Structures are given as structure tokens and as C-alpha cells.
Amino acid sequence: MDFVVNRQDLRQCRFVPGSGSESPAPGQARLRLESFGLTANNVTYGAVGDLMGYWKFFPAEASWGRIPVWGIGVIESSGATELREGERIYGYFPISTHLDVEPTRVGARGFVDGTAHRRELPPVYNQYTRLEGEAGYTKRDDDRLMLLRPLFATAFLIDDLLAENDFYGADAVILASASSKTAFSLAYLLSARARPGLEVIGLTSARNLEFVRGLPCYGRAVSYGAVSELPAGRRVVLVDMAGDQSVTRDVHRHFGAGVAYSCQVGLTHWEEGGSVEGLPGAKPEFFFAPSRMEKRTQDWGADGLQSGLATSWRSFLDGTEGWLKVQHGRGAEAVERAYLDTLEGRVRPDQGLILSL
């Protein structure tokens with residue numbers, strides 16, 4: 001069974017019979033999706049699916065797409081002798097009961113899916129982790145692994161970019177959609193640096209303002225309508241998780257030439273369009289995490305990158321137990337309801353959705 005959405009209207013969704021064959025082809029393994037996390041990040045995959053190629057990972061019939069998610073699957077059958085049936089695998093899945101992969105570069109820690117149509121796609125999404133071989137892994141972390149690890153990895157790479165450029169000479173980093181899981185992951189990393197004189201400011205909706213102000217990683221939090229109340233005349237960096245161009249325009253017009261760097265990371269406000277051309281300050285650009293990851297893999301080596309990420313991840317993970325409330329759902333109806341709630345922004349910022357079919 002596959003969950004598909006209309007690529008032109010993300011509100012149209014349905015379940016269809018699975019697109020796979022009766023059994024995996026020679027050299028392939030079949031994974032049964034055990035559970036997966038669903039966040040606003042998955043909405044971004046759909047919103048920029050054509051632009052950034054996310055629909056290409058798991059093809060569907062014309063005009064329809066399969067939203068990618070991060071989850072854990074169990075090897076149900078395997079033609080790859082290095083993998084064992086019953087092994088639990090973490091990685092990139094469609095919202096489907098099963099996924100056939102072609103394991104290549106199999107090692108103790110995982111493998112790469114070498115399926116023909118995925119070979120030219122960003123490699124970070126083709127890497128699968130054998131959980132038994134993951135250092136420090138415990139099953140009790142499964143929910144937060146699926147919900148937060150990919151978002152934290154994006155935050156880690158943004159933090160690294162800002163630090164490499166000495167924060168573009170800014171004395172404040174402004175995070176739009178500050179209640180999003182990627183944003184407060186980045187806020188945690190920025191605050192952990194304890195850089196003297198660098199303020200981390202969260203922009204959020206009035207509905208989520210109390211939640212953001214309660215997080216220890218933001219020095220200040222204001223609602224979208226209160227941008228003009230922030231002190232002007234300073235150099236700032238804007239990291240926009242929302243994709244709400246009106247917010248970008250407000251920040252740029254308020255700080256003017258003081259906007260030293262401006263990037264868009266996600267589209268939690270996926271229907272809010274408009275132009276950002278001709279704004280004062282640095283020209284807004286799109287941050288594509290896989291490109292940054294490829295660069296740092298070349299600079300540090302794959303092991304160096306993963307070691308740094310793992311150390312930061314464990315520290316961050318220890319601080320999420322007190323506020324993240326995980327809600328589990330099972331079955332097609334629960335999955336569709338959770339998807340539409342996420343799409344429409346009805347999921348509370350302290351809520352994490354873990355689903356299974």
C-alpha cells in the first residue's frame with residue numbers, strides 16, 4: 001500500500017495498491033516500514049518536490065507523488081547476503097508498507113541504495129543505517145531518532161556554515177518559524193556556542209509565542225507582527241524555516257543593509273508566496289543541506305562528519321525529554337489525518353507524530 005498526494009494540490013491524498021512486485025528482484029532487499037516520523041519538514045519535501053527533485057526518490061503515477069519520510073524498516077526478505085532478515089534499518093522511506101532497495105557498499109554501519117533511478121540523486125538520502133551497528137544506539141531513542149535526527153542534521157550544517165563565515169559579522173541570528181523542530185535545533189547549537197554578543201532571536205506566531213519563550217535556547221522571542229519592535233541599526237542573519245515571504249520582507253525592510261546573510265531552509269508556511277527580489281541587505285538564498293553535507297564530507301571525510309554530528313546529537317537529545325510529547329498513530333486513517341493536520345499547521349510545536357501502517 002502506498003500513500004500518494006497530488007503534486008499540484010497537496011491537500012488531495014489517497015492510498016493506492018503498492019507499486020512493487022510480488023517479491024524483490026535478485027540483489028534487492030525488501031523492507032517493511034515499521035514506523036516513521038511526520039513533521040513540517042515532510043511538507044517542505046512536497047512543496048519543493050519538483051524544484052528540488054524530492055519526487056524522484058519514490059516515483060508514482062503521473063501527477064501524483066509519494067512524500068518522503070524518515071523511519072525505521074525491518075528487512076523482510078533479502079537477496080543481499082550481507083544483510084539479515086529481521087534487521088532494523090533507519091533511513092529515507094516513502095509512506096508505504098514496503099520499500100525495495102538494492103544494497104550496495106554494505107558495511108557494519110549500513111548500506112547505500114543503488115537502485116538505478118536513485119543513483120544520480122543526493123547521496124545523503126540514499127544511505128541506510130543498520131541500527132545494531134550504530135554506536136550508542138538504544139531502542140528507547142527510536143521516536144526522537146525519526147522525528148528529530150534529520151532536522152538536527154540540517155541545523156548542524158547551518159550552524160557550521162554560519163560559524164565558518166564568522167556569522168557574517170552579525171550580532172544576532174533571527175530564526176523565523178522558531179517553534180519548528182529545525183529552528184530550535186539550530187537555536188540550541190547557536191546558544192551552546194556561548195558566543196559573546198551573539199543573540200538568538202525567535203520569530204513565531206502569536207499562538208506559539210509562549211512555547212518559544214519557554215525554550216532556553218532563545219535569548220528573545222517575538223511574534224511575526226512585532227518585527228518592527230526589534231532594535232534596528234544592527235547586523236543580523238536571517239534563517240527562515242517558514243517560507244513566508246512577507247516575514248522575509250518585514251525583516252529585510254526593518255534592518256535594511258544590516259541583513260548580512262539571509263537564507264530560506266524550509267516551507268512550513270507553504271502557501272505564503274510573493275517576491276523577495278530587490279530587498280535591502282543580503283540577497284535571500286535557499287540553503288540545501290545535501291550540498292553542504294557533500295562539502296563537509298570532502299573536507300572532513302565521512303567519518304569526521306558523522307563523528308561531529310553524533311557528538312552534538314547526543315548532547316541535544318538529552319535535553320529534549322522534558323518537553324517533546326510523542327503521539328503514536330496506526331493505520332491508513334490515522335496517517336491521512338496526521339498528514340493533513342501537519343499540512344495545515346495544526347500540530348502543536350511540542351508534539352511529535354510517530355505513525356505506522
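1. In strand β10, F111 has Y128 as its bridge partner. The strand that pairs with β10 here is β9 (residues 110-113), in the antiparallel sense and over 3 bridges. Strands are DSSP runs of E of at least two residues, helices are runs of H or I of at least four residues, and both are numbered from the N terminus. Two strands count as paired if DSSP finds at least two bridges between them.

2. The model is predicted: local features need pLDDT of at least 70, side-chain atom pairs count only at pLDDT 80 or more, and totals for chains, interfaces and linings use all residues. Residues are numbered from 1 along each chain as its sequence is written, and side-chain values use heavy atoms, with hydrogens and water left out.

3. Strand β10 (residues 127-130) also pairs with β6 (residues 88-94), in the antiparallel sense over 2 bridges. Within this pairing, Y90 has T129 of β10 as its bridge partner.

4. The protein contains 9 helices and 18 strands. Its radius of gyration is 20 Å, close to the 21 Å that the globule rule gives for 357 residues, so the protein is as compact as a globular protein of that length. The radius is taken over C-alpha atoms, and the rule is 2.2 Å times the number of residues to the power 0.38. The C-alpha trace spans about 65 × 40 × 35 Å along its principal axes.

5. An open sheet of 6 strands has parallel pairing and the order β13-β12-β11-β14-β15-β16. Strands β13 (220-223) and β16 (285-286) stand at its edges with a single partner strand each, so one side of each is left without a neighbour in the sheet. Helix α4 (residues 181-193) packs on this sheet and touches β11 (172-176), β12 (199-204) and β14; its direction makes about 165° with that of β11. Contact means heavy atoms within 4.5 Å. Axes are lines fitted to C-alpha atoms, for helices over the stretch in contact, and angles run from 0 to 180 degrees between N-to-C directions.

6. Within the parallel sheet, β14 (residues 236-240) and β15 (residues 259-264) are joined by 5 bridges. L238 stands opposite S262 in β15.

7. An open sheet of 3 strands has antiparallel pairing and the order β2-β1-β4. Its edge strands, β2 (9-16) and β4 (64-65), each pair on one side only. Strand β1 (residues 2-6) is joined to β2 by 5 bridges, and F3 has F15 in β2 as its bridge partner. Helix α9 (residues 332-343) packs on the sheet, touching β1 and β2, at about 170° to the direction of β2.

8. The axes of helices α3 (residues 142-164) and α7 (residues 289-300) come within 10 Å and cross at roughly 65°. The two helices are therefore roughly perpendicular to each other; the classes are roughly parallel under 35 degrees, roughly antiparallel over 145, roughly perpendicular from 65 to 115, and oblique for the rest. Residues in contact include F156 and L157 of α3, and M293 and W300 of α7.

9. Helix α3 also packs with α8 (residues 302-318), at an angle of about 120° and with the axes 10 Å apart. These helices are therefore oblique to each other. Contact residues include L148 and F152 of α3, and L309 and W313 of α8.
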